[in-house]
Amino acid sequence: MVLKLIAQRVALGILLLLAVSVLIFVGTNLLPGDVAQSILGQSATPLALANLREELGLNDPAYIRYFRWLFGILQGDLGTALTSGLNIATSLKERLWNTLFLAFWAAIISVPLAIASGLTAVRYRDGLIDKLITGVALASTSVPEFFIGYLLVYFLAVKFQIFPGISMVYEGMPFPDKIKAIALPCTTLTLGILAHMMRMTRAAILNVMQSTYIETAELKGLTAFEVIREHALPNALAPIINVVILNLAYLVVGVVVVEVIFVYPGMGQYLVDHVAKRDVPVVQAVGLIFAAVYISLNVVADVASILANPRLRHPR
């Protein structure tokens with residue numbers, strides 16, 4: 001039964017990614033303007049524009065161009081950037097690594113902090129500590145990421161000059177310098193997802209705390225933390241794992257705004273730069289990579305929830 005459910009989730013993820021690829025292709029082709037005109041400039045002659053459209057295959061029907069693009073993707077060919085003539089896969093390699101590096105450190109900080117905050121809020125539920133943690137979480141959720149980013153830049157980069165306001169990293173950069181460079185975007189991402197994970201952890205454990213076996217554990221004389229750690233948390237893992245993985249997906253896909261604010265050389269900054277240039281192959285490739293990461297992590301979240309559910313692991 002478990003294998004069947006997992007196979008269904010994986011198959012659904014593949015179908016969803018295929019549908020998203022169609023939407024990305026259609027959406028980029030509906031963008032205003034002429035690709036050939038944007039490459040050659042306003043002074044280009046009609047003959048030059050016609051020759052370039054023929055060279056790029058823009059005169060072919062849309063469905064032929066879609067399948068040509070899709071088959072290239074399946075063979076590992078992301079295409080060539082129109083504005084620079086560089087191979088997109090080669091250009092994206094370092095950018096993708098930078099984005100994953102930023103998302104990794106944001107996850108390392110936010111996930112343990114969110115779970116620990118949720119557990120503490122449950123332990124002191126309805127008390128001052130619980131209200132303080134919940135209030136801070138609600139406040140951070142209410143503030144947009146770009147506003148948090150600009151506040152951090154103003155206070156920590158401009159006013160007190162503790163961290164750099166522009167997060168430039170490069171190959172061969174010393175590790176301590178990299179950590180200092182990503183401090184502000186990492187903090188912004190952490191504050192953006194911390195509250196959601198903390199509130200879901202708190203809600204999941206409180207839901208379990210109402211069960212009768214929790215009362216039995218309390219009657220045995222276990223402390224509040226022992227009850228939460230040994231009985232409530234293991235039975236609340238499924239929704240907690242689900243929300244953690246979904247927020248990890250957001251870390252990778254939702255970095256666009258943060259990377260633009262801090263001029264971080266990642267996938268988001270690369271996407272925004274080429275949207276402005278109307279470089280359709282780059283926009284399609286980056287959009288599909290973001291979609292693949294998000295859908296894949298959603299499938300992982302579904303599978304993890306299935307495996308964390310003892311009723312599905314051990315059906316009667």
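Reader: What share of the residues in the protein is buried?

Author: This is a predicted model, and its chain holds 316 residues. A residue counts as buried when its relative accessible area is under 20%. Counted in that way, the buried share of the protein comes to 40%.

Reader: Which element of the protein has the lowest mean pLDDT?

Author: For the protein as a whole the mean pLDDT is 87, and 97% of the residues reach 70 or more. Among the elements, helix 8 (residues 175-181) has the highest mean, at 94. At the other end, with a mean of 61, the lowest value belongs to helix 16 (residues 310-313).

Reader: How many helices and how many strands does the secondary structure hold?

Author: The C-alpha atoms fill a box of roughly 85 × 60 × 35 Å along the principal axes. Of the contacts between residues at least 6 apart in sequence, 72% join residues at least 24 apart. The secondary structure within that box comes to 16 helices and zero strands.

Reader: At what angle do helix 5 and helix 6 pack?

Author: On the side of helix 5 (residues 88-123), the residues in the contact include Ser117, Thr120 and Ala121, and these meet Ile129, Asp130 and Ile133 of helix 6. The residues of this contact divide into three nonpolar, two polar and one charged. The crossing of the two helices is left-handed. The axes of helix 5 and helix 6 (residues 128-142) are 7 Å apart, and the angle between them is about 140°.

Reader: What is the phi of Gln161?

Author: Gln161 belongs to the loop between helix 7 and helix 8. Because its relative accessibility is 63%, Gln161 counts as exposed. Its phi is a positive value in a residue other than glycine, near 55°.

Reader: How far apart are the end C-alpha atoms of helix 12?

Author: Helix 12 (residues 237-253) has 17 residues, and at 1.5 Å a residue these should span 24 Å.

Reader: Which helices do the buried residues of helix 12 pack against?

Author: The buried residues of helix 12 include Ala238, Ile240, Val243, Val244 and Ile245. Asn247, Ala249, Leu251 and Val252 are also buried there. As a set, the buried residues of helix 12 pack against helix 5, helix 9 (183-209), helix 11 (224-235) and helix 15.

Reader: Which residues does Asp279 touch, not counting those up to four places away in sequence?

Author: Asp279 is found in the loop between helix 14 (267-276) and helix 15 (280-308). Because its relative accessibility is 0%, Asp279 counts as buried. Not counting residues up to four places away in sequence, the residues that Asp279 touches are Ala81, Leu82, Thr83 and His274.

Reader: What separates the C-alpha atoms of Phe262 and Phe175?

Author: Phe262 lies in the loop between helix 13 (256-261) and helix 14, and at 0% relative accessibility Phe262 counts as buried. Leaving aside neighbours within four places in sequence, its contacts include Gly149, Val153, Gly165, Ile166, Ser167, Leu184, Pro185 and Thr188. Phe175 lies 87 residues from Phe262 along the chain, and their C-alpha atoms are separated by 19 Å.

Reader: How far apart in space are Tyr150 and Val258?

Author: Tyr150 lies in helix 7 (residues 145-159), and with a relative accessibility of 49% Tyr150 counts as partly exposed. Tyr150 and Val258 are 108 residues apart in sequence, and from C-alpha to C-alpha the distance is 9.8 Å.

Reader: What is the separation of the C-alpha atoms of Ile108 and Thr190?

Author: Ile108 has its place in helix 5, where a relative accessibility of 42% makes Ile108 count as partly exposed. Along the chain Ile108 and Thr190 are 82 residues apart, whereas their C-alpha atoms are separated by 9.3 Å.

Note on methods. Residues are numbered from 1 along each chain as its sequence is written. This is a predicted model: local features need pLDDT of at least 70, side-chain atom pairs count only at pLDDT 80 or more; totals for chains, interfaces and linings use all residues. Side-chain values use heavy atoms; hydrogens and water are left out. Axes are lines fitted to C-alpha atoms, for helices over the stretch in contact, and angles run from 0 to 180 degrees between N-to-C directions. Helices (H or I, at least four residues) and strands (E, at least two) are DSSP runs, numbered from the N terminus. A crossing is left-handed if the near helix is turned anticlockwise from the far one by less than a right angle, and right-handed if clockwise. Contact means heavy atoms within 4.5 Å. Ala, Val, Leu, Ile, Met, Phe, Trp, Tyr, Cys and Pro count as nonpolar, Asp, Glu, Lys and Arg as charged, and the others, Gly among them, as polar. Buried means under 20% relative accessible area, exposed over 50%, partly exposed in between (1.4 Å probe, protein chains only). The expected span of a helix is 1.5 Å times one less than its number of residues. pLDDT is the predictor's confidence in each residue, from 0 to 100.
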